[in-house]
Protein chains: 2
Amino acid sequence: MNKFLITGFSGFVSRHFLKYLESNKIKATIVGLDIRNPESINESFKYIKYDFKKLDLLQKDYVDDIIGEFKPDYILHLASLSSVALSWNEPSQCFINNTNIFLNLLEAVRNHRLSTRILSVGSSEEYGDVKHSDLPVSETHPLSPSNPYAVARVSQEFLAHIYVNGYDLDIIMTRSFNHMGPFQKDIFVVPSFAKQLIIISKHPNKKGELFTGDTNIVKDFSDVRDVVSAYYLLFNKGKKGEIYNVCSGVGISLKKIISIMCEYLDIEVIVKIDPNRIRKSDSKMIIGSNKKLINLGWKQKYQLEDTLSDIINYWKIVEYSHEMHANF
Amino acid sequence: MNKFLITGFSGFVSRHFLKYLESNKIKATIVGLDIRNPESINESFKYIKYDFKKLDLLQKDYVDDIIGEFKPDYILHLASLSSVALSWNEPSQCFINNTNIFLNLLEAVRNHRLSTRILSVGSSEEYGDVKHSDLPVSETHPLSPSNPYAVARVSQEFLAHIYVNGYDLDIIMTRSFNHMGPFQKDIFVVPSFAKQLIIISKHPNKKGELFTGDTNIVKDFSDVRDVVSAYYLLFNKGKKGEIYNVCSGVGISLKKIISIMCEYLDIEVIVKIDPNRIRKSDSKMIIGSNKKLINLGWKQKYQLEDTLSDIINYWKIVEYSHEMHANF
């Protein structure tokens, strides 16, 4: 029986990680931590059992108590203030919170002398702007963080190295690129498209306007279900102190995502640029190399089209259930 | 009349900065901040006047009030928990304190919409281990911090970039290499040698044992009086958002420093390695390139031999005054 501590338990990545364990019949006891309550989880689990504790990871003593008592074999550290846009509004808070919650976890593991394997989830934002000729970017590329969130992530990674080399903690670091899938909140770009497009698909003429930022932006999107399989693989086969890009290796423009979704929904849209959605110093193109992860045995299962149709179908259900609530 | 806010006011670098302003007849009003009281300053100043406020820079609101009221033209940010050795004992505190005090300053300047020029003092520790073939290391060399203090410094520098690019703050960053001079505390290596050697010089046979760490370590030492002249130059001619090594460009082994001091004192010592003084993951050799600073007009005035004899003479006075106190 594996013991997992998951931070950011109420987020969509954690939810998919649970599903991954269950569907692969991996027996696990889980303690989930989050500052927000999780949405109700409908699935019944046979192989995993979980306990949720609502807390602020900045409460160092509380975190220390929980880790000392539970003695996790693994910590999946997903919690973060991960919005780049918000990080520009509160740069100091973004930096302090993201780095401090990470340090609280590491200090607890160090304090209780545990041999816990920790997965420190980082971000492609750490690379900043990368020259086209250096794409797909590999893990050895210099880091050049260009927003407060990215700086916090780089600091987290440097701190992880210190705790590996200085205190022999067992930490593996990721630089996770964009990921998407069902249950992701609509403050993120793809679900926000899905939600708008579903509304358009209900128009009698199946035509409408979509409000977006810059649709020429190219990012490296993975299906969240492939991402959590990578995280599980890293817990089992990752090398202590190493950094792994978690990415598809393929660049996809937002334009293309919109076009695939429109085709699936059989609608026509006029794209309207909303200046509020243009993000400050956002990089125009980022694609990662996933060779290191693939060498470890990672296999991606989801095609872009399948991911996008699953997202649309998820939002159809959400919208439908909202309508039901509105009607009754 | 220039208005300077100096953090870490009670440290030896600040003291030399004041002396620099005075001896160059630079009129200045100074607010000095420190968590410790400054040692009594005997000099009478004609060109500068200063006001000291004892505070913890982690007190964000207090820092904000002071900066909002004083509206400094320049901030010389010297305050830090700068001991690498101690940073291994309290990694989390070292990181959090060093980065948070810096953020509190930046946020105050941003909040009051000041055009203050800020000198963010960093460290050669940011480079970590550098291959011999890359020495002297220049500002474009990748950073590889290998202790908690160094990670804090790198994070500070990345944060500085964000505040320059994202909020148009006027920040100049240094990577300051080892510096030494009168008034430096004997927790640092050169004054600790000086103190021990002076005691030996009082032995009738002028022989004795010196306890050290690894004396083969080569570092780039500058005279603190050259360092503060660099800081003043950077306030006046440095380019916003740029990083400058502050260093002599020459590597000096601890062995050589001991030998010069022994010659000056006309003593013979047997060097004893004290395992407690060997620092964890300490880099064996670091030399910086000071081309960028020299191109700005920096001139070093102090020869190594002069610096070391000044340090010895300073410690002779300190020891003498201690003896006087003990006798009366």
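Let's start with Lys239(A), which is exposed, with a relative accessible area of 54%; exposed means over 50%, buried means under 20%, and partly exposed is in between, using a 1.4 Å probe and protein chains only. This is a predicted model, where local features need pLDDT of at least 70, side-chain atom pairs count only at pLDDT 80 or more, and totals for chains, interfaces and linings use all residues. Residues are numbered from 1 along each chain as its sequence is written, chains are lettered from A and ligands numbered from 1 in the order in which they are written, and side-chain values use heavy atoms, with hydrogens and water left out.

Back to our lysine. You'll find Lys239(A) in the loop between helix H7 (224-237) and strand S11 (243-246) of chain A. Helices (H or I, at least four residues) and strands (E, at least two) are DSSP runs, numbered from the N terminus. Which residues does Lys239(A) touch, not counting residues up to four places away in sequence? They are Arg117(A), Ile172(A) and Tyr244(A), where contact means heavy atoms within 4.5 Å. Also, Lys239(A) and Ile171(A) are 8.5 Å apart in space, C-alpha to C-alpha, while being 68 residues apart in sequence.

Now some backbone features. Most residues other than glycine have a negative phi, and most peptide bonds are trans. Look at Arg113(B), in the loop between H4 and S5 of chain B: its phi is near 50°, a positive value. Arg113(B) counts as exposed, at 76% relative accessibility. Asp266(B) has a positive phi too, near 55°, and lies in the loop between helix H8 (254-265) and strand S13 (268-273) of chain B. Its relative accessible area is 57%, so Asp266(B) is exposed.

The bond from Leu135(A) to Pro136(A) is cis, with omega near -5°. In chain B, the bond from Leu135(B) to Pro136(B) is cis, with omega near -5°.

Next, how do the chains meet? The contact takes 28 residues from chain A and 28 residues from chain B. Together the chains bury about 2100 Å², 71% of it on carbon and sulfur atoms; buried area is the accessible area (1.4 Å probe) that two parts lose on being put together, summed over both. In chain B, the residues that lose the most area to chain A are Phe95(B), Phe158(B) and Ile162(B), together 24% of what that side buries.

Helix H3 (84-89), helix H4 (91-111) and helix H5 (148-167) of chain B each supply at least two residues of the side that touches chain A. Which of them gives the most? That's H5(B), with ten residues.

How many salt bridges are there between the chains? The count is zero, a salt bridge being a side-chain nitrogen of Lys or Arg within 4 Å of a carboxyl oxygen of Asp or Glu.
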